[in-house]
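Biologist: I would like to go through this model feature by feature. Please give the general idea each time, then the case at hand.

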Amino acid sequence: MLAKTKNFFSEVKTELQKASWPWDPKEKGFKRYKELFDSTGVVIISMLLLGGFVSFFDFVLVNVVHFFTRFH
């Protein structure tokens with residue numbers, strides 16, 4: 001059982017070394033994570049724009065439906 005566990009973690013370490021990480025391992029400090037911060041910023045801005053788009057059209061559609069349904 002211990003040998004299987006040791007083998008598992010050895011294989012995990014090997015696979016993680018093959019992975020492409022979103023930072024440059026040669027850089028130090030915050031420069032190391034520049035791509036990660038940039039990607040995070042893009043995701044946050046995209047989600048804010050999408051949320052605004054959905055909210056705007058929800059507001060418009062609610063008012064259109066209210067306009068047509070208030071004439072009973």
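Modeller: This is a predicted model. Take Lys-18 to begin with.

Biologist: Is Lys-18 buried or exposed, and why?

Modeller: The call rests on relative accessible area, where exposed means over 50%. Lys-18 has 60%, so it counts as exposed.

Biologist: Which residue forms a salt bridge with Lys-18?

Modeller: The general idea is that side chains of opposite charge can pair when their charged atoms come close. Here the partner of Lys-18 is Glu-15, with 3.3 Å between the closest N and O atoms. Both residues belong to helix H1 and lie 3 residues apart, about one turn of the helix.

Biologist: How many salt bridges does the count come to?

Modeller: The count comes to 2. Besides the pair in helix H1, Asp-38 forms a salt bridge with Lys-34, and their closest N and O atoms are 2.9 Å apart. Asp-38 and Lys-34 are separated by about one helical turn, because they sit 4 residues apart in helix H2. Asp-38 has a relative accessible area of 40%, so it is partly exposed.

Biologist: Where is Tyr-33?

Modeller: Tyr-33 is in the loop between helix H1 (2-18) and helix H2 (34-69). Its relative accessibility is 29%, so Tyr-33 counts as partly exposed. For a sense of distance, take Asn-7, 26 residues from Tyr-33 along the chain: the C-alpha atoms of the two are separated by 31 Å.

Biologist: What does the secondary structure of the protein chain come to?

Modeller: It comes to 2 helices and 0 strands. The radius of gyration of the chain is 25 Å, whereas the globule rule gives 11 Å for 72 residues, so the chain is more spread out than a compact globule. Along its principal axes, the C-alpha trace spans about 75 × 40 × 15 Å.

Biologist: What share of the 72 residues is buried?

Modeller: Buried residues make up 0% of the chain. The protein chain exposes about 7,100 Å², and carbon and sulfur atoms supply 71% of that area.

Biologist: How far apart are the mean positions of the positive and negative charges?

Modeller: The protein chain has 10 positive and 7 negative charges, and their mean positions are 6 Å apart.

Definitions and conventions
Residues are numbered from 1 along each chain as its sequence is written. This is a predicted model: local features need pLDDT of at least 70, side-chain atom pairs count only at pLDDT 80 or more; totals for chains, interfaces and linings use all residues. Side-chain values use heavy atoms; hydrogens and water are left out. The radius of gyration is taken over C-alpha atoms; the globule rule is 2.2 Å times the number of residues to the power 0.38. Buried means under 20% relative accessible area, exposed over 50%, partly exposed in between (1.4 Å probe, protein chains only). Accessible areas come from the Shrake-Rupley method with a 1.4 Å probe; for residues, only the protein chains shown count as cover. Lys and Arg count as positive and Asp and Glu as negative; His and the chain ends are not counted. The place of a charge is taken as NZ of Lys, CZ of Arg, CG of Asp or CD of Glu. A salt bridge is a side-chain nitrogen of Lys or Arg within 4 Å of a carboxyl oxygen of Asp or Glu.
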